[in-house]
Amino acid sequence: MPLTAMAQDGRWFTQANFVWNAWYQVGEKSLAAPFYKFPSGEGHTGWGISLAGGRWMTSALALRTKLNIWQMGSKADGVSADKYWTLNEQVMFNISSLLLGHNPYRLWNCIPYIGAGLSRNMSRASYTSDINFGILNTFRINQKLAANFEIGWNSYEGNGGIALKDRLQQVTFEVGLTWYFGTSNSSKKAKEAAVESLSEAEIDALNAQLADMEAENEQLRKELEEAKRRGAPNEK
């Protein structure tokens, strides 16, 4: 990892997104054709929101806690929508910083993530576990704000099996905003360095002023002695 990728750390962030999601029943090959339900909405699809918060430990590594709230409906057979929420803990990797080094002014950052968590079907009052991964793309607006587009994949425990074919799958598309707050250690160090350099400059300026004053005092002392010699009476 480049040393510059370790520069930005200790920075907190929050996110809010609108979510479109497509569900794939046990046995459906979501990874073979993950987008065939988008944008037609055929089969189990739905809308929702996501809220997240986390911290960049370095410019390349972050931890994020994410809550998704959505529904799973069916336009094909008219089944009423089930309401879900999912809470995940995720590890995020900023590939842009890993490959290109830390740059707080970079327009686009590519951030894959992987995580796991707990999900609840509120309509049926049941819990299940899930694993997930995806790619978050952030686009810088200013120092505090970024637009984000995220593609995610979730796998929920279905018939009790571990294999993917025995699990309920979900693909999500998210669009929203990321807000950064707090000051990273790199920013703190930059400010401290600026203060130190400013203090050194001020000290140098004071030393120069003192040197000028000493030179002026020495010149005045010489002129005073010369004036005394010229004004003294001749000795007999």
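**Group meeting: strands, cores and a surface patch**

Leaving aside neighbours within four places in sequence, S129 is in contact with G117, S155, Y156, E157 and R167, where contact means heavy atoms within 4.5 Å. S129 lies in strand β6; strands (E, at least two residues) and helices (H or I, at least four) are DSSP runs, numbered from the N terminus. The C-alpha atoms of S129 and S155 are separated by 8.5 Å, and the two residues are 26 apart along the chain. With a relative accessible area of 31%, S129 is partly exposed. On that scale, buried means under 20% relative accessible area, exposed over 50%, and partly exposed in between, with a 1.4 Å probe and protein chains only.

A word on the source. This is a predicted model, in which local features need pLDDT of at least 70 and side-chain atom pairs count only at pLDDT 80 or more, while totals for chains, interfaces and linings use all residues. Residues are numbered from 1 along each chain as its sequence is written, and side-chain values use heavy atoms, with hydrogens and water left out.

Now the overall layout. The protein chain has two helices and eight strands, and from the N terminus on the order is β-β-β-β-α-β-β-β-β-α. Of its 236 residues, 36% count as buried. Among contacts with a separation of 6 or more, 64% are between residues 24 or more positions apart. The chain exposes about 14,200 Å², and carbon and sulfur atoms supply 63% of that; accessible areas come from the Shrake-Rupley method with a 1.4 Å probe, and for residues only the protein chains shown count as cover.

Next, the interior. In soluble globular proteins, nonpolar side chains tend to be buried together. Here, the largest nonpolar core has nine residues: F13, W56, A62, M92, I111, Y113, L136, A146 and Y180. Such a core is a set of buried Ala, Val, Leu, Ile, Met, Phe, Trp, Tyr and Cys residues joined through side-chain atoms within 4.5 Å. What does M92 touch, not counting residues up to four places away in sequence? The list is F13, W56, A60, L61, A62, R64, I111, P112, Y113 and L136. There is also a second, separate core of seven residues, including V19, W23, W70 and M72.

T178 is another interior position. It sits in strand β8, residues 167–181, and is buried, with a relative accessible area of 1%. With residues up to four places away in sequence set aside, T178 touches F13, T14, Q15, T138, K144, L145, A146 and N148.

On to the aromatic rings. The structure holds eight aromatic pairs. Rings of Phe, Tyr and Trp (its six-membered ring) pair if their centres lie within 6.5 Å; planes under 30 degrees apart count as stacked, over 60 as edge-to-face and the rest as tilted. W23 and Y156 are a stacked pair, 5.4 Å centre to centre with 25° between the planes. That pair links W23 in strand β1 (residues 11–24) to Y156 in strand β7 (residues 145–157), 133 residues apart. W23 is buried at 0% relative accessibility, and Y156 is buried at 2%. F133 and W153 have ring centres 4.9 Å apart and planes at 40°, so this pair is tilted. F133 is in strand β6 (residues 126–140) and W153 in strand β7, so the pair ties together parts 20 residues apart in sequence. Finally, W23, W70, Y84 and Y156 form one aromatic cluster.

F133 takes us to the surface. Together with M57, L61, L63, V91, F93 and I114, F133 forms a nonpolar patch with about 550 Å² of accessible area in total. Patches are made of residues with over 30% relative accessible area and no salt bridge, like charges being joined within 9 Å and nonpolar side chains (Val, Leu, Ile, Met, Phe, Trp, Tyr) within 5 Å; a salt bridge is a side-chain nitrogen of Lys or Arg within 4 Å of a carboxyl oxygen of Asp or Glu. Strands β3 (61–74) and β4 (82–93) each supply at least two residues of the patch. V91 lies in β4 and is partly exposed, at 30%.

Last, one backbone detail. A125 is in the loop between β5 (108–121) and β6. Phi of A125 is near 55°, a positive value in a residue other than glycine. Most residues other than glycine have a negative phi. A125 counts as exposed, at 52% relative accessibility.
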